[in-house]
Every structure is written in C-alpha cells, then in structure tokens.
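Biologist: Could you take me through one part of this model in detail, namely the aromatic rings and the nonpolar core around them?

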Amino acid sequence: MSKPMEIRPFGIAIDVKPGGYRVVKSIQQMSEILLDRWPEDKRNDDWEVARAACARALDTWTSAEAARAAFIMAAQAANIHVDADASGSSLPKVGDRWL
C-alpha cells in the first residue's frame, strides 16, 4: 500500500455533528470525501475540477497543494464549511474529526 500524499491539514464540516469538522490530511482523504461523502446535489463543475485535481495529484501530474486549493474552492462553492487554516491545535479533536 502506498504512503498517503500529505497536505496541510484543514477541517471540513461533512459527516460530523453540527459545528464539527472532519480533519483532512491527505489527497487520498480528499478523494474519498469527494467520491463517497460529497452530497449528490452538490456535485457540480467545481466538484468535478476538485475530483480531477485530486486524481492528477495522485498520479503526480499536479501538486498536492493545487488539489487542496481546488477541493477547498469546491467546498466553498457548495456551501460546505471549511476551515482552511486549521492546525488542529485550536479545536478539540476525537479520532479523525474535530468536535
């Protein structure tokens, strides 16, 4: 199994209690969220750009940072709250989620 492609962590309010954040630390996690957890009615052009950017990053055709930026832009366009500057130190964390 290959090592996860790490990114600067951020929080996203998807699959968590209201006010909570899921911690995202890798391209693989972003891809999983886009493919398996993203609301169907929010899968628009921005979602497709983020999905393609993650696929390119996994194939090392683009940078992990570019994929991260595309993912955050897609979340913002879908009105899914993102804490792009989250370091994990200011919010309580349980497992892979901040509460």
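Modeller: Rings of Phe, Tyr and Trp, with the six-membered ring taken for Trp, are counted as a pair if their centres lie within 6.5 Å, and planes under 30 degrees apart are called stacked, those over 60 edge-to-face and the rest tilted. In this predicted model, the count by that rule comes to two aromatic pairs. In one of them, the ring centres of phenylalanine 10 and phenylalanine 71 are 5.4 Å apart and the planes stand at 50°, so this pair is tilted. Phenylalanine 10 belongs to strand S1 and phenylalanine 71 to helix H3, so that the pair links distant parts of the chain, 61 residues apart. Phenylalanine 10 counts as buried because its relative accessibility is 0%, and phenylalanine 71 also counts as buried at 0%. Tryptophan 38 and phenylalanine 71 form an edge-to-face pair, with 5.6 Å from centre to centre and 80° between the planes. Because tryptophan 38 lies in the loop between H1 and H2 while phenylalanine 71 lies in helix H3, this pair ties together parts that are 33 residues apart in sequence.

The surrounding core can be described next. The largest nonpolar core has 25 residues, and those touching the most other members are Phe10, Ile12, Ile27, Met30, Trp38 and Phe71. Two or more residues each come from strand S1 (6-12), helix H1 (27-37), helix H2 (45-58) and helix H3 (64-77), with H3 giving the largest share, seven residues. Beyond its neighbours within four places in sequence, methionine 30 is in contact with Ile7, Phe10, Val24, Cys54, Ala67, Arg68 and Phe71.

Note on methods:
Residues numbered from 1 in each chain as written. Predicted model: local features only at pLDDT ≥ 70, side-chain atom pairs only at ≥ 80, totals over all residues. Heavy atoms only, no water. Core = buried A, V, L, I, M, F, W, Y, C linked by side-chain atoms within 4.5 Å. Buried < 20%, exposed > 50% of the residue type's maximum accessible area, 1.4 Å probe, protein only. Helix = DSSP H or I, 4+ residues; strand = E, 2+ residues; numbered from the N terminus. Contact = heavy atoms within 4.5 Å.
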